[in-house]
Amino acid sequence: MTLDEQDLRRGLKFIVGVWEADFVVNAFSNDLAHIPAAEFKSDDGRDMTALRFEFFEDHTAAIGAGEGSFPGTWEQTDLFRYRLVPDALAAEPENGFIKAVESLEVQNGENLVFALGFLAIALRKTEDGHVTEAPDIGCAEPTEEDLAMKDIVGTYSVAKAMTMVGDDFGLFSREEAEAGGSGGDEAGMLGIFDTRVEFTDDHRVLTWSPMPAGVSEEDIKAAVESGEIAAAKDGFFCGKELEWKAVGGKYYYNTGEHRVVFDEEQSPWDELAPDGDGLIPFSSGMMLLKKEE
């Protein structure tokens, strides 16, 4: 599975910190009971609470088992799986035992579990670590080179939009939507193809929609003056103005959306990056834009 930036960010925040042994499961037991770490003792009287793992945001780790600790490195390999490699094992040829020791799997959303021979050892997080907050694009100051980037400026039509074609809901062109039977609701299913998106030289994003039939000039003027709509021209109206900017050689625009994922606020800024066909995803991927000549 390919992990995107958000997956890796959530995974980083989940693992960074201190983890200690919570319980042990003996694979040879009859009931696979969870034995509290403090009750699982070795022959010398020590128990599993001596195990301590600390993961850092630079992907290093410290592994403790009583006195002292051993360095290592970690990586996220899947949504709920990590790999921890102690430096002492880094040069060793991989075998089943080492692979199991190095594999950490998230269980019940709160435990990290790895295998040590016939034992499954579950860790629980006892202390959060430091994770540097990622800078938001909205706070980034464009350089002179960024400010000179104006290739995005222009008016764009909707090449494809999320719509129904038969039993399929996906990104389709107007022609595909009409051929597929979506033409029965011109104002609804096909109306999105009449949208125009304008990126202005002064870094505004204007989304223009056809003016509803029967709206008078007086109504339009009143809507603009009251702020109900941002602008109106040539039979189109713009609901609100957004903002675009170039940062680090890439284009972004502020969607104005309030986004929260797993109780964590997300940036409202989306990148304006052409796909393999030169079309720009817009409006959270609900449409693909093509620049008009």
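Guide: Gladly, and please keep in mind that this is a predicted model. Let us start with strand S11, residues 168-172, where Phe169 has its place.

Visitor: Is Phe169 buried or exposed?
Guide: The cut-off for exposed is over 50% relative accessible area. Phe169 has a relative accessible area of 54%, so this residue counts as exposed.

Visitor: Which residues form a nonpolar patch on the surface with Phe169?
Guide: The patch has about 280 Å² of accessible area together.

Visitor: Let us turn to the pockets. Which helix gives the largest share of the lining of the largest pocket?
Guide: The largest pocket has a volume of about 860 Å³. Of the 22 residues that line it, Glu5, Gln6, Gln266, Ser267 and Trp269 are the closest to its centre. Several elements supply at least two residues each, among them strand S16 (250-254) and helix H1 (5-15). The largest share, four residues, comes from H1.

Visitor: How many residues of that lining are charged?
Guide: The lining of the largest pocket includes seven nonpolar residues and three polar ones. The charged residues there number 12.

Visitor: And how many nonpolar residues line the second largest pocket?
Guide: This pocket has a volume of about 390 Å³ and is lined by 19 residues, with Ile63, Pro86, Leu89, Val101 and Leu116 nearest its centre. Helix H2 gives the largest share of the lining, four residues. One lining residue is polar and one is charged, while the nonpolar ones number 17.

Visitor: Why are Arg10 and Asp7 separated by about one helical turn?
Guide: The side chains of Arg10 and Asp7 meet in a salt bridge, 2.9 Å from N to O. Arg10 is partly exposed at 26% relative accessibility, whereas Asp7 is buried at 11%. The separation is about one helical turn because the two are three residues apart in helix H1.

Visitor: How many residues apart are Glu292 and Arg196?
Guide: Side chains of opposite charge can pair when their charged atoms come close. Glu292 forms a salt bridge with Arg196, with the closest N and O atoms 2.8 Å apart. Glu292 lies in the segment after strand S21 (287-291) and Arg196 in strand S12, so the pair links distant parts of the chain, 96 residues apart.

Visitor: How many salt bridges does a search of the whole structure find?
Guide: Lys150 and Asp201 give another example, at 3.2 Å from N to O. The search of the whole structure finds 19.

Note on methods: Residues numbered from 1 in each chain as written. Predicted model: local features only at pLDDT ≥ 70, side-chain atom pairs only at ≥ 80, totals over all residues. Heavy atoms only, no water. 1 Å grid on protein atoms, 1.4 Å probe; cavity = no way out; pocket = protein on both sides within 12 Å on 5 of 7 lines; lining within 4 Å. Points joined across faces, edges and corners; volume = space filled by probe spheres on them. Nonpolar A, V, L, I, M, F, W, Y, C, P; charged D, E, K, R; others polar. Patch = residues over 30% accessible without salt bridge, like charges linked within 9 Å, V, L, I, M, F, W, Y side chains within 5 Å. Areas by Shrake-Rupley, 256 points an atom, 1.4 Å probe, with all protein chains shown as cover. Salt bridge = Lys/Arg side-chain N within 4 Å of Asp/Glu carboxyl O. Buried < 20%, exposed > 50% of the residue type's maximum accessible area, 1.4 Å probe, protein only.
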